[in-house]
Amino acid sequence: MFSYVFRRLLIALPSLLGISLILFTVLALAPGDPFEELAQNPNVPAEVRLALRAQFGLDDPIWQRYFHWFANMVRGDWGFSFVSRINVDTLIWQRLPVTIAVIGLSQVLALLVALPVGVLAAVRPYSWFDRIASSVAFVGFSLPTFFTGVLFILFFSIYLGWLPFVYRADLSETGWAWWVAQFKQSIMPIAVLGLFQAASWMRYVRSSVLDVIRLDYVTTARSKGLAERVVVTKHVVRNALIPVVTLVALQMPAVFGGAIVTEQIFRIPGIGSLLIDAILRNDTPVIMAVTFVFASLVILFNLIADILYGWLDPRISYR
Amino acid sequence: MQETELRNLIEEVREGTLPRRNFIQHMVGLGLTAPMASMLLMHEGIAQTVPPIPYKGTKRGGGGVLKLIWWQGAVHLNPHFAGGTKEQDATRIFYEPLAGWDTDGNLIPVLASEIPSRANGGVGADGRTVTWKLKRGVTWHDGKPFTADDVLFTAAYAGDPATSTVTVATYKDLKVEKVDSHTVRITYPKATPFWAEALTGSFGTILPKHVFEPFIGAKSRENPANVKPVGTGPYKFVDFKPGDMIRAEANMTYHVANQPFFDTLELKGGGDALSAARAVMQTGEFDYAWNLAVEDEILKRLEAGGKARLAFLVGSDIEFLSLNVTDPWNEVDGERASAKSKHPAFSDKAVREAMSMLVDRKGIQDFIYGRGGIATSNFLNNPPRFRSPNTKFEFNIDKANQMLETAGWRRGADGIRAKGNVKLKFVYQTSVSQPRQKCQAIIKDACTKAGIDLELKSITAAVFFGSDVANPDTYQKFWADMQMFTTTMTQPDPQIFMEQWTTDQISQKANKWSSRNLVRWSNAEYDATFAAAQVEFDAVKRAVMFIKMNDLVVNDFHVIPLFARPRPRATALKLNAPLSAWDNDTWALGFWSRDA
């Protein structure tokens, strides 16, 4: 087991290297200049911009800049943002907790919705409940988060005026009022992300349970006279969840992607909105670092999914 | 406008027959900036009679929270690193210059006790020295006193090329001396007619010496104060998350009595312009929103909600059309659009003038830009009665047709005019933006009726404004026949702005297309006038020169001004916020208050 994890981590290194190389090249080839704003401001002489470019090493050849970046990265130096001149790791650490909280809660919400609804729909397939749940789920994962997000804002914030749509990381309230304010401002982004995820997971849970519920051992359990509730929870769901767990782990990086858009819409100061701002400002070190973090997460969650798989299903072993 | 004429106007102001404000608007109409016009009067010994900025507060604090929303968040809080208005506005909450510019172009003292003038001996007769008297009793947010040393240090800090400030050009040749603890004298290397650029407005914010001194030069990036400002402003720093939120609290020892009004201040950044507008105008979550780049039709609908009003301050953002002077399609000495080449069709002035006539400015204003675009023939917008007599705009397809016919451009079988083997077929480029594409289509339609074929090209803003040397589609390379974009002039003195049409500034391969004369226009008379204006210390003569330069550019029709683009700002109905088109949005934050 440990040798397997170790081997997988070793394999991950060249993939990360390849990812960083491709990212860096693509960013270097993409149009744009972090000091574009200065170029457009007629009061700032061109020399200022050229001097800054030279000072930050932007005029060096791409390969030289890559090796420079790589050497620093190995030493744990993530570089600094060209635009704000603040260290990139400071920026990321500042924003990571919010992202994790919002994404984590939305995943919990997604599971809380997807599991019971999916199981109930599968236990009574083609009943009215199943039909409604499936149709809603279909609509749910067909609508992108940037659309539902704006829809939620228009309805709950502007039409009804119930919820604020500008997220604040540092609420001034204390005690219970803080929790209420936090709940009010978080419910929309979490619901947008969570329900989108729940919709697709509900479909997976349903089909997975449907596969298992027809198997002979389930019939055996029923003929033993076990209560239906016990049959479903102990015998069906346990086995049906194996593929779902993998799926949840594998989809984590995609959730980060969805969070980028949601963070931008609700002005949540997470790493997603950091990435978007950095892209708009052509702030290469920040883009590099955030995308690199995402790439590492993809590899990490792939590994977690594989390990979980073996743990849940003893028939699979690691060699 | 001749010198005598201008002198007569100034006399009228002196006698009081012409209101000061009208004079300034008149000058703005001729292509000057309001601050320059105002300084013109000061030079002539007419003191500023500035009405005090209205302030309704009666005591410090007690006003609750002031919530501001900028749809682009500030990423640091060092005013001398701030290239754009978002950081400048944010840093101005904490830092202050010696004086700021109000929207009529008046210089308003902030950290200075009075505005230098010839009358009070502040401005030297040779035009090289300016003496500023500093306000006494001002303290930094950490309690240390503000003195002349801080001013000296700021000039040294910003002027050090190793610090890499964006204000380096303003300070690097400046000599600043301490006369006494609260008096400084600036010496310019040569006679400088517009002496009030340094130490005023957004480029003039003063930094505390005791906080910044250890981090001058190459170490400037490591200064913790870049994200934790210590200033003299009405609000003190509490917390900052780059790109997201700035929080501040009232400075209870602020140097203006009974200010500030609010207890705390929050500036939220990020998101998009439309939802920022909604947050002020529909839900009222915020009190003030900056630069709402949203179509006017939508803004009008939001405004109807009655929660906020919009301010359209006429500054100097101008949308204009450039007709390439050089030939972008053939290489000369291995360079496209080489300064040595001539554009085959636009070298004929009749074609250029016809093009100017084919732009339906009025129609575009009414149907596309609304209040966000005011038709102009000048480099600055102005009330109709003050419009420069030397420039005009007209939309007349028949006249354009006639003009082209007379100049020998005949319609071919395909309806497109040609002369010899030169056809009137042009590539017209601009950035991707809905109003710009609509504008392109309207101009193309009119041109088709006049026998001119336009091929429309729209380029992603990141590429078009990207100043990437390797990319052929940047506005700086201008490898097309025509292009359209907005230029800004927020700094008070137009000298640097007007420099962009001098021959020296021609954007070409030799300077990696980094200089600013993108249309590659060259005019000996203009160059000579510009050179003379740089050293002319007589304010009246200098103003006449700038008006002449404006006319030279505009009347040659290679550069065709289209619209003044005021930036809409939304203000909650009960909020009193004095704004200025010539300084940052937060320039007078101490005067902001809210009606009960």
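Student: In what order do the elements of chain A run from the N terminus on?

Tutor: The order is α-α-α-α-α-α-α-α-α-α-α-α. Chain A has twelve helices and zero strands. Its C-alpha trace spans about 85 × 60 × 35 Å along the principal axes. Keep in mind that this is a predicted model.

Student: Then I should ask about confidence. What is the mean pLDDT of chain A, and what is that of chain B?

Tutor: For chain A the mean is 83, with 97% of residues reaching 70 or more. For chain B the mean is 86, and 95% of the residues reach 70 or more. For the complex, the predictor gives an ipTM of 0.78 and a pTM of 0.82.

Student: In which element of chain A is confidence lowest, and in which is it highest?

Tutor: In chain A the lowest value belongs to α2(A), with a mean of 70, and the highest to helix α6 (residues 128-142), at 88. In chain B, helix α2 (residues 20-29) is lowest at a mean of 75, while strand β10 (residues 288-289) is highest at 94.

Student: Where in chain B does pLDDT stay under 50?

Tutor: Begin with the general idea. Where pLDDT is low, the predicted coordinates should not be read in detail. In this structure, pLDDT stays under 50 over residues 380-387 of chain B. The model has 19 contacts beyond four places in sequence for that stretch.

Student: How do α11(B) and α13(B) pack in chain B?

Tutor: Helix α11 (residues 361-369) and helix α13 (residues 434-449) of chain B pack at about 145 degrees, with axes 11 Å apart. α11(B) passes α13(B) in a right-handed crossing. On α11(B) the contact uses B:Gly363, B:Ile364, B:Ile368 and B:Tyr369, and on α13(B) B:Pro435, B:Lys438, B:Cys439 and B:Ile442. These residues of α11(B) and α13(B) divide into six nonpolar, one polar and one charged.

Student: What is the strand order in the open sheet of chain B?

Tutor: The seven strands have the order β7-β8-β9-β1-β10-β23-β11, with mixed pairing. β7 (235-241) and β11 (308-313) of chain B each have a single partner strand, so one side of each is left without a neighbour in the sheet.

Student: Which strand pairs show the parallel sense and the antiparallel sense?

Tutor: One example of the parallel sense is strand β1 (residues 65-70) of chain B with strand β9 (residues 264-269) of chain B, over six bridges. B:Val65 faces B:Thr264 in β9(B). For the antiparallel sense, take β7(B) and β8(B), which pair over six bridges. There B:Lys236 stands opposite B:Glu249 in β8(B).

Student: How many residues lie between the strands of the β7(B) and β8(B) hairpin?

Tutor: There are three residues between the strands, and B:Gly243 takes a positive phi near 80 degrees in this hairpin.

Student: Which residue has a positive phi although it is not a glycine?

Tutor: A:Arg267 does, with phi at about 55 degrees. A:Arg267 is in the loop between α10 (228-266) and α11 of chain A.

Student: Last, where is there a cis peptide bond?

Tutor: It joins B:Gln259 and B:Pro260, with omega about -5 degrees. B:Pro260 is in the loop between β8 (245-250) and β9 of chain B.

Key: Residues are numbered from 1 along each chain as its sequence is written. Chains are lettered from A and ligands numbered from 1 in the order in which they are written. This is a predicted model: local features need pLDDT of at least 70, side-chain atom pairs count only at pLDDT 80 or more; totals for chains, interfaces and linings use all residues. pLDDT is the predictor's confidence in each residue, from 0 to 100. Helices (H or I, at least four residues) and strands (E, at least two) are DSSP runs, numbered from the N terminus. Two strands pair if DSSP finds at least two bridges between them. Axes are lines fitted to C-alpha atoms, for helices over the stretch in contact, and angles run from 0 to 180 degrees between N-to-C directions. A crossing is left-handed if the near helix is turned anticlockwise from the far one by less than a right angle, and right-handed if clockwise. Two residues are in contact if their C-beta atoms, placed from the backbone, lie within 7 Å. Ala, Val, Leu, Ile, Met, Phe, Trp, Tyr, Cys and Pro count as nonpolar, Asp, Glu, Lys and Arg as charged, and the others, Gly among them, as polar.
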